[in-house]
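I set out to record what I looked up in this structure, entry by entry.

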Amino acid sequence: MMKKINETLEIFLEFESKECLNFEIEGVHVWKYVREYVYDSFLRTYYKTENRVHTTNGMKYKLFKILQVWKAFAPNKKLDNKDLIFLSHSRKELIDGNYQCTQIDELSEYYENNCYILENPYWLDDMSYLKSHFTNKKVNSIYTDSLEIWHRLKMPINKLLFKRNFLKHYGDCIDNWCQRINKVLKTNIKTEEVNEIVFDSIFFERDALKFYKRIVAQVKPKAIIEIYTPKNQISALNMVAHQNKIPVIELQHGATGEYEPIMYTYKEKHFHDYLPDYVFTFGAFWNGKKNRHIPQTNVVATGNIHLEKILADYSKKKYINKSILIVSQSRFSKLFYNIADRLSEIPEFKDIEVVLKLHPFEYASYSSGLYKNLEDKGVNVVAGLKKSIYSFFADAMYVIGVNSTCMYEALAFKKDIFVLGNKYGTEDIIELSKKISLIHVYSEIDGLIDGLKKYKRGEISDDQKEYLFVQNSLQKTFDAIKEVSGVTCDKIRNYDYVIE
């Protein structure tokens, strides 16, 4: 598939490769902690996007409810040697009465006697996180909340004792760097905020490295398998793994275009100690991303275990197509709000349920009442993780969005998708639309709504689905893990959800 160069994002990648990747303070490469903040400002400048993370509810975000805190400090028993450490994603879905990390849990069960599962703290203002954390704790789970809480408690003291001296030594250096970033990237980052990020991250990295060194020294894993996100905790774990020559494997969990998300994208192939060594992708389509930091030989198509299982169940049932599903994204919240609002007022759709599925970063906005007006108009606004996005696919006539993973997953459900292609990050899905007639691309809302009125069902072949999501995913993942680490699973259980 031909990739289109995005000259705007190339500016960002070129600049960081020359002036940011090696920017170091007290032995810490701080760019990895500042990168997302700068990138968000860069996107707002060039693409007029909204804040990626919406304002959340103060203390609920910062610390656990008081009755949960003691669990974070419950002593971990001495850890045994295990061949694998799985790093679970904080975002969990309610499945059969239990909250699960859909990508890690269904895989780690096959290695349950030979692995530990690291649990990161919950990180969004949504009740599913509060309920899922510490729920049905497994004997091989390791919680890391104490690291996060201790850090938050210590930072006021660190600022009191060390902040003034820190700014005396590095304040001018950071300020000059920020001015250079703003000049070249035309961003509006503030030196004061960068100072906070850098100061906080340096202290966190020191504590986190000690924390994870103790775990890795006890477990002595042969590989770490993770859902990578650009968080300080994950960066520190990966750094410790690389110091001990332990390979880090990332399981793909989101759509990866040529440039988006930025956490996977770099100008050159270059080893970064905080990033994974291998990426196991959904399918061959995702292997073609050229801007990864790792060589192509380290990118392996293994499929999506959870999606494959759900599709097998879906193929055995009959569903009534009775809704329009809108998949929101936090950088375009207002856009999707407006689409839902428009559809709720169009007579042709009065007998069709309009469902607006919010991104987890938008849950705080929902809690504040931002979507109350839509709900009063009959729009089903869905926030939280009590119901899987896949269950909404089952009943949807078609799906509306931009470039999220859900748009590609909807194709696996053989659902027509309506894409606003005038937004950044849509290059790949637009290119794919030339081959898959289920993809309908429009440049603005009016055209999209007109397309919905004139809707004609498209098609997708089995080969095209395989290109996106390779089948027999469990066995392919087992084989790939063994190839990287030499580790085989405890027991191959019977699994019968390979789609015919």
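The entries below follow the order in which I looked things up.

**Entry 1: aromatic pairs.** I note at the outset that the model is predicted. I searched the whole structure for aromatic pairs and found 32. I then examined Phe 282 and Phe 469, which form a tilted pair with 5.5 Å centre to centre and 40° between the planes. I checked where the two residues lie: Phe 282 is in the loop between strand 10 (278-281) and helix 10 (284-287), and Phe 469 is in the loop between helix 19 (462-468) and helix 20 (473-485). The pair thus links distant parts of the chain, 187 residues apart.

**Entry 2: a second pair.** I turned to Tyr 314 and Phe 413, whose ring centres are 4.9 Å apart. Their planes stand at 65°, so I recorded the pair as edge-to-face. Tyr 314 belongs to helix 11 (residues 305-314), while Phe 413 sits in the loop between helix 16 (405-412) and strand 16 (416-420), so the pair ties together parts 99 residues apart in sequence. I found Tyr 314 buried, with a relative accessible area of 19%, and Phe 413 buried at 3%.

**Entry 3: a cluster and two charges.** I traced ring pairs that link Phe 12, Phe 23, Trp 31, Tyr 39, Phe 42, Tyr 46 and Trp 177 into a cluster. I also looked for charges over rings. The charged end of Arg 35 sits over the ring of Tyr 266, 4.0 Å from its centre. Lys 82 lies over the face of Tyr 116, 5.7 Å from the ring centre.

Entry 4: I followed an open sheet of seven strands with parallel pairing, in the order 7-6-3-8-9-10-11. Which strands stand at the edges? They are strand 7 (141-143) and strand 11 (299-301); each has a single partner strand, so one side of each is left without a neighbour in the sheet. Neighbouring strands are turned by 25° against each other on average, direction ignored. Strand 3 (residues 84-88) and strand 6 (residues 115-119) run parallel and are joined by five bridges. Leu 87 stands opposite Leu 118 in strand 6.

**Entry 5: helices on the sheet.** I found that helix 9 (residues 232-243) packs on the sheet and touches strand 3, strand 6, strand 8 (223-226) and strand 9 (248-251). The direction of helix 9 makes about 160° with that of strand 8. Helix 20 also packs on the sheet, and strand 10 and strand 11 are among the strands it touches. The direction of helix 20 makes about 170° with that of strand 10.

How values were computed
Residues are numbered from 1 along each chain as its sequence is written. This is a predicted model: local features need pLDDT of at least 70, side-chain atom pairs count only at pLDDT 80 or more; totals for chains, interfaces and linings use all residues. Side-chain values use heavy atoms; hydrogens and water are left out. Rings of Phe, Tyr and Trp (its six-membered ring) pair if their centres lie within 6.5 Å; planes under 30 degrees apart count as stacked, over 60 as edge-to-face and the rest as tilted. Helices (H or I, at least four residues) and strands (E, at least two) are DSSP runs, numbered from the N terminus. Buried means under 20% relative accessible area, exposed over 50%, partly exposed in between (1.4 Å probe, protein chains only). A charge sits over a ring if NZ of Lys or CZ of Arg is within 6 Å of the ring centre and within 35 degrees of the ring normal. Two strands pair if DSSP finds at least two bridges between them. Axes are lines fitted to C-alpha atoms, for helices over the stretch in contact, and angles run from 0 to 180 degrees between N-to-C directions. Contact means heavy atoms within 4.5 Å.
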